[in-house]
Structure formats: structure tokens, C-alpha cells
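Please read it alongside the view below.

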Amino acid sequence: MSRGIRTSRLISYDDTARSPPMAVPSRNRISEGSSFKNSFDLGSRREHMSKTIEQLLICGLCELRLTVPKMLNCQHTFCLECLEENLHRQADKSYIGCITCGTKQLLKDPDLTALPSNLHIDNMLQMMQPTPSCPASLAPTPVGSYQLENMLCAICWLAHVDELGRQVGQLEGQLKSAIEKLDHKMIEYKSRFSEINDEIIVCFRDKIHALQQQQAELLDSSQGILNDAVCSHELVREKIDQLLVSIGRPIVGSLDPVQVYLKLHKDMSIILEEVSLWGRERVIFNRDKLKVESIYDTQTTPTVKHSSSIKSTPKHQLHPNSSEASVTQFYKGHVYKPRLLWNHCQRPTGVGFAPWNHEGLEKPLLYVAGSECRIIFGIDKTNGHIVQKISHEELSYPQGITFDPDRRELFVTDKWKHCIFVFSQEGQLLRKLCSKGDQAGQLRSPEGIAFCSSGIIFVCDTGNDRIQCLSTSDGKVHSQFGRLTKDQFVKGSQSKISSRMVDLKNPTDIAVQKDAILVLDAGNRRVKLFNKYGEQLQEFGQTGTINGQFQYPEVIGVDPAGFILVGDGGNAKILVYRPNGQFVTALGSRGDSAGKFNWISGICVSKDWEIVISDYKNHAVQLIF
């Protein structure tokens, strides 16, 4: 550098090498008849203000008057040359430090010329710098001079106009980014329509010749929606191109640059909102209605429907010791009609009958977990009336439900809080079990849960691809099995926890069948049977869409005779299997009316063979008998 760094900060205000002190404008002119004392006081104030302003123009690094001042994030200002020399001496060039306050500012670019200028300091430097071409700057200016005020406004105005011009230039980059986002959406939109057309072709491949005309009409409809989307895309692109042309015009020479800038900014905000809203609807091909539809989220009105012919329904003769042939005949020959259709909550998940009678009703309640409203509902199954509501401020996403009949406690897994909430039968929070993590006793996105016996529960640690056996009182781990890591094995053995490596992928639900543990291995599309120590005894299931096969199995339940019921959200059916895994029958079909399902998210079977199914997408709970 050509300028040296002084070792002491000595400021001489009478130094002739510096520019004369700046005269500070005053709002009130001094009258000719003012006293000598007032004149003396005014002169002292002028001198004090001049020295104060001079100190503001001193660089804290070189202790000379600022040249090319640059401002850091902490608002302290230094010479550009001084900052560059200071950065050059640093080993780490990723930041620059302020010697005044010690703040470190990260640098995206080592070029310090990109740092912002201090317009206030720039204005004062320009005012104190003599300009031969300006007569007003050659001689001292009286306090309150009209010429000085005009000079200050002109300098400030030009600086602000230049700053507005720089900001307008930045709008072009934002619009180009919006173009890329819009084009990317258009590519995805076209890709989705290609998939829809393939679905239409596959759907009609095996149909008779009479449906070919309808196939062509559907393809035309699909193409029509795509054409509408293309037109909408082109309109938005045209608006962006027009705005780019407007931005390309210089703003500095316009009559009113502020109004031009505000109009450009308003137009850009409107376009960015259109880009954000474009393509938000979900387009699908409805196979049942043979129609291409645009799906939007809608709210349904809560209703409760119950059959008027419940009393006339003959009671079955089944009991837990019934033969497999009798139970099989019951499932195959029974006509399933919903006794109760309840939709008082959005996105229901886990369901279950309490093993105790509710006070005042002398019968057990049906509990339903409302994932969206974060409430556990206790329902009277005969009429759908809400008898009890259980919630807590920390409850975030209730998923699975199970009960401890001896302690009369309700266990609820929270998928987002990664823990288990334990409530009393009155709905009071008693304790929380586990925390977020991947070690023994920790959970990650738990879903299914089942009570075994003697104060033991099994929980699906879905995010960690394993099952954990926990104590109901304190959450202490007894055993774990699944896709365990080496670290989990080592720490488990150190804690004397039984650990076993088993192929599980996203287990979503679990049920107890006598002395065995049934796990729905959703990721592998299998049902697997284990003993209490994690040894696999049996497995069944395969991927497909025909009866007996899984597409997206979510939940599992066991009836009093040991028959296994699997809720398949992908196929929208309840699949019934013998205890040995042999397929029996399928119940239900896809739809939004009574007896049909859209996405099965919970299932349980009472001791009287009452089957309860929660439907996540239809926002409904059905009880069939």
C-alpha cells in the first residue's frame, strides 16, 4: 500500500493538508442584532460540530481521512485499501474482522469492492472536497446556506437513483430463476401426462372393442387438459418476457425513477405468485369413473350414520375356540354392512376398544386417534356420540393405540415427537416413554404398538427398521430385533439387551397372537411371525394387486380365533388370512361411500368380531359386523 499505518491516533484539526471543516447547515438564521455572547456561543458550536464530523471521516485502520469508504455488516466504515491490506495479512480469507467491535463477517467473494458503500460518509466527503468547477465550494458557506442545502440534496438524490438502478438489475436474476422454476414444472407436468396416457392405454388393453372409442375420447380429454396447461404456461412466460424488456430500459434517465421501480417490483410480485400457484392441482386418472380429474383438497362435513336394522341382525355363534373351518365360513359367507360410519375428525389413524367399561355407560369405548387434530376420541359404538376427548399440548401426531388392562392405561405412539404418551382412563397424562434417536430405548417415527402381558409392550420403531420390547412403566428395553447396526449390537450387549438381526424394512404395525408377535413388514410387503425373543417363525405375502397380494399394506389386526386381518391402503381392501398365513378372502373395495375404503390407516377386531376400520383419505371410521 502507498499509505502507511500510523502507530498513534493524533488528529490535528488545524492541519492545512486536510480539507477545511464542513459548515453545518442550521435551521434558524442568526439575526443581525444578536449579542456578542450569542455569536461567540454559535461559533463554538460550529467548531465543535466541525470537529465531530471530521472524526466521523477518519478511518479506524490508517487513521487518515476515508478514501473509497466501505461499510461492514456491523455498520463500521473503513477505507477499501485498508480493508484489502488487512485481509491480505490474514491466513483465512473466508472472513474479514472489524477492529472496532471485533465482529467477523463471512465473505462470499474475496473481492472487497462488492462491499456496500456508506452513502452518508460519501455525501460528507463530497461536500468537504473542494471542487474548482463549483464556486460554492471555493469559499466558506454561511450556516444555513441555501446553496449548501441544494448541494447535499443533489448528491444524495443521485446516489439513491444509482442504488435503485442497481436493485432493478438484480430483478433480472430473480426473473431468470423464476423462468427455470416454471420450465421445470412444465417438464414435470408433461411427464405426469405421459404417465396418465400410459395408464389409460394399459387400462383399455384388455377391454372389448366397444370401449376403444371411449379410450380415444379419454386420450383427447387428457391432451385437452395438457393443452390448457401449455397455454397457461405460455401466458406466464409472455408476461415474464415483457417484464424483462421493461427492466432492460435504464431507470436513471426516466422522469420518475421511483415510480418506475415500484411498478416493476409490483409486476414482478404478481408474476412470482402466478409461478408459485401454477400446477398445484393434482391430475389423476380415475379408473372407476373412467375420467381424468384434477384433485383439490376439500373439507367434508362431519356425519354419523348408523343402521336402523342392527337389532334384526342375527348374532354369530363364533367364539375363540371355534374351528378354523367355522371362522373361514363366517368370513366368506357373511354380508358386511357398516353399522356405524363416523367422520368427526380429519385423518384418523389408530383405533382400538378399551378393555374396561367406561364409567356411566357400563360398556367399553371405541378409541380413535385423530392425527390432524391431535386428539384421541372416545366413542360410543352404538350411536357414534363422542364421550371422551384426550389430548395434550405436547401431543403432535398420534398414530398407534394400545391398552394395559391391569393398570387401565392408554398408550399412544407419536410419530412426530418420536415417543410414547401414556394416559390414564380419565385422560390425564401419566408419563412419556422414550426419546428421539437410534439407540436402544430411543425411537424414530414410531407407528404400531401392541400390549403383550406382564407390563410389556412391543412398538414398531419404523424409522429405525426394528421392533423394540419395552417396559410399560419406564420404557426400559428388554429386547430388540430388526436391521440393527454394529454400534446398536455392541451397546445392546453392554446393556445386556437381547438383540437379533432380522430383515425388516419400515415395519408399520404389530399385533399379538397368543404367544407370537405379528409384524407387518410394509417395506418388504410381508407379514412376519416372531416369538417374544425376536426369532422368526413364519412369513407370508407377496406384492401384487389381486386378492391375497399386497400393494401398500399399512395395518394389521388379529381376531379372537387368531385369524389375521391386513389393511392394504394401496388395494383398498381388508385381506383375511388363517393363522398359518393361508389366504381366506378380501373385504371391501375402493370408494368413498359406506363399505368402501380409500386408504386404510387403522384396524382392530373386538371380542365379538366387530371389525373397525379407519380411513385416512376418506376421513372416516367404519364399524362392520
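The points below take up a helix, a nonpolar core and the aromatic pairs.

1. The model is predicted: local features need pLDDT of at least 70 and side-chain atom pairs pLDDT 80 or more, while totals for chains, interfaces and linings use all residues. Residues are numbered from 1 along each chain as its sequence is written, and side-chain values use heavy atoms, without hydrogens or water.

2. Helix H5 (residues 212-248) has 37 residues and spans 53 Å from first to last C-alpha, close to the expected 54 Å (1.5 Å times one less than the number of residues). Helices are DSSP runs of H or I of at least four residues, and strands are runs of E of at least two, numbered from the N terminus. Among the buried residues of H5 are Leu218, Leu226, Ile240 and Ile247; buried means under 20% relative accessible area, exposed over 50% and partly exposed in between, with a 1.4 Å probe and protein chains only.

3. The largest nonpolar core has 29 residues, and Ile200, Ile240 and Phe285 are among those touching the most other members. Such a core joins buried Ala, Val, Leu, Ile, Met, Phe, Trp, Tyr and Cys residues through side-chain atoms within 4.5 Å. Helix H4 (146-205), H5, helix H6 (257-277) and strand S5 (282-286) each supply at least two residues, with H4 giving the most, twelve.

4. The structure holds 13 aromatic pairs, meaning Phe, Tyr or Trp rings (the six-membered ring for Trp) with centres within 6.5 Å; planes under 30 degrees apart are stacked, over 60 edge-to-face and the rest tilted. Tyr397 and Trp416 form a tilted pair, 4.6 Å centre to centre with 35 degrees between the planes. Tyr397 is buried at 10%, whereas Trp416 is exposed at 54%.
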